[in-house]
Amino acid sequence: MVLCDDPFEVKLRDNYELREDEFRESLKRERMLDAKIEELRRTHPLLTQGKIDDLYANLGGRNVEIFVQRAQRMYEARSMRTALFRWEMEQVDLMALADPSFHGNDNVVRNIQEMDPDSPWPDEEIDFITLWCRAVRATCHRWRFLLRDFPQPLLDIHELLLFGRLAGAEQQSSWRARRTCTVSVAAPWSDVQIERGMNQLKFYHDFSCHAESWRLAYGACWEPVIAQCNLAWDFVSPPSKLLRLGEFNVYVRTASKYDDCRLLHLPRLKLTIGLTWHCLADPNEHLAVQPCAPDRIPEYSSNQEHDSTSELEWGEWKFPT
C-alpha cells in the first residue's frame, strides 16, 4: 500500500536539494577560477581588473545555465518520487475458517458478545441484514513501513503470525434510519425511488499476534514527514490496547563509534495501556445509536440541529483510575 505525496512538495524538496548541491559545485568552480586567475597574473602581468570581472561574470552566467540544465534533466535519469508512506509485505498467507459454531444467528451473536463484552446488549432481539463470523489466521514473512525514500524502515516486522476471530454485523435499519434515493433510469423507463438503510456494517475482532522480531526506528529528522502523513491520512487509534512485547531492546543508530549500541534491555516485557472515553452516555452502548434521515428527524429536534451520536461524541479520553 502506498500513500502518495503531494507532487508540489516533492518537486520543492528536489529543487532544494538540487540548489544545495549546485551551490557546492559553484563554489568548486569559483575556487578553480581563483586558482586560474592567480596563475594568469603570474604569467600575464598586464591582466586588467576589468578582464577579471568579466571572467567572474561569465562564471556566474555559466552557473545559472548549468543549474537550469540540471533542473530540466532532473527526472530523466530517475522518476519523480511519489510515495510519502508505504508498507511492503512479503509472503502473505491469509486463511478464513468456519465451522458449525460460527453459523446461525445465536452462534454469531454469542461470539460477538464474547469479543465485545463491555458493550451492553439490548433486551429485545436485534434483527440483522448482515451477520457472519470467521476464524482468521494470517502469516507474513516480512512487513515494512517506509517513509519517503528513507532507507531505514519506520517499522520492520519479521515472521508475523496473526490469529483470532472476526465478525461482521449490520443491523436492520429502523424507519428513521432509512433514506429515500432516486435511481435515474434511461428512457423509456421512468426514475425509481428506493429506500436505503443508513446503519453501518460493524466489525468485531479478537486477535492475537506473535512476531520473531519487531523493530521500530525514530529520529527527530522524521518529524516533518510524520506530520505530513498525519495531514494526508487520518490515523485512528483504538480505545485500549494490550501489547506483549517479549524482549525489548533500544539501540542507537549514529555515525560514530556508538553506532548499534544497545541502550536498554527489558526481557519479558508486558505493556498495558488502558483508556476510557468519558461522555454523557455509556461509551460502549453503540448498538443503541441509530442514524436519522434528514426528512425523518424527531419532532423535538425540529428547531435545532439533530445529532444521533451527540451523547457519545462529546467527551474526553482518560486513564482509568
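**Strands, helices and what is buried**

Reply: Let's start with Glu159, which lies in strand S4 (residues 155-171). This is a predicted model, in which local features need pLDDT of at least 70, side-chain atom pairs count only at pLDDT 80 or more, and totals for chains, interfaces and linings use all residues. Residues are numbered from 1 along each chain as its sequence is written, and side-chain values use heavy atoms, with hydrogens and water left out.

Me: What makes S4 a strand?

Reply: Strands here are DSSP runs of E with at least two residues, helices are runs of H or I with at least four, and both are numbered from the N terminus. S4 covers residues 155-171, so it qualifies. In total, the protein has five helices and 11 strands.

Me: Why is Glu159 called partly exposed?

Reply: Its relative accessible area is 35%. Buried means under 20%, exposed means over 50%, and partly exposed is what lies in between (1.4 Å probe, protein chains only). Glu159 falls in that middle band, so partly exposed it is.

Me: Which peptide bond is cis?

Reply: The one from Ala187 to Pro188, with omega near 10°. Most peptide bonds are trans. You'll find Pro188 in the loop between strand S5 (178-183) and strand S6 (192-197).

Me: How do you know that H1 and H2 are roughly antiparallel?

Reply: Helix H1 (residues 7-43) and helix H2 (residues 49-72) pack at about 155°, with axes 10 Å apart. Those axes are lines fitted to C-alpha atoms over the stretch in contact, and angles run from 0 to 180 degrees between N-to-C directions. Under 35 degrees is roughly parallel, over 145 roughly antiparallel, 65 to 115 roughly perpendicular, and the rest oblique. That is why H1 and H2 get the antiparallel label. Their crossing is right-handed.

Me: Which residues of H1 and H2 meet?

Reply: From H1, the list includes Leu18, Glu22, Arg29 and Ile37, and from H2 it includes Ile52, Asn63, Phe67 and Arg70. By class, the contact has 10 nonpolar, three polar and nine charged residues.

Me: What makes Glu22 a buried residue?

Reply: Glu22 lies in H1 and has 5% relative accessibility, so it counts as buried. Leaving aside neighbours within four places in sequence, Glu22 is in contact (heavy atoms within 4.5 Å) with Arg29, Asn63, Ile66, Phe67 and Arg70.

Me: What about the cysteines: are Cys140 and Cys181 buried or exposed?

Reply: Cys140 is at 5% relative accessibility, so it counts as buried. Cys181, at 13%, counts as buried too. The structure holds zero disulfides, a disulfide being a pair of cysteine sulfur atoms within 2.5 Å.

Me: Which residue is 5.7 Å from Arg262, going by C-alpha atoms?

Reply: That's Val250, 12 residues away along the chain. Arg262 is in strand S9 (residues 261-274), and its contacts beyond the neighbours within four places are Asn249, Val250 and Tyr251. With a relative accessible area of 43%, Arg262 is partly exposed.

Me: How far apart are the C-alpha atoms of Thr82 and Cys4?

Reply: They are separated by 5.4 Å, although the two residues are 78 apart along the chain. Thr82 lies in the loop between H2 and S2, and its 44% makes it partly exposed.

Me: And how much of the whole protein is buried?

Reply: Buried residues make up 22% of the 321 residues. Of the contacts with a separation of 6 or more, 72% are between residues 24 or more positions apart.

Conventions
A crossing is left-handed if the near helix is turned anticlockwise from the far one by less than a right angle, and right-handed if clockwise. Ala, Val, Leu, Ile, Met, Phe, Trp, Tyr, Cys and Pro count as nonpolar, Asp, Glu, Lys and Arg as charged, and the others, Gly among them, as polar.
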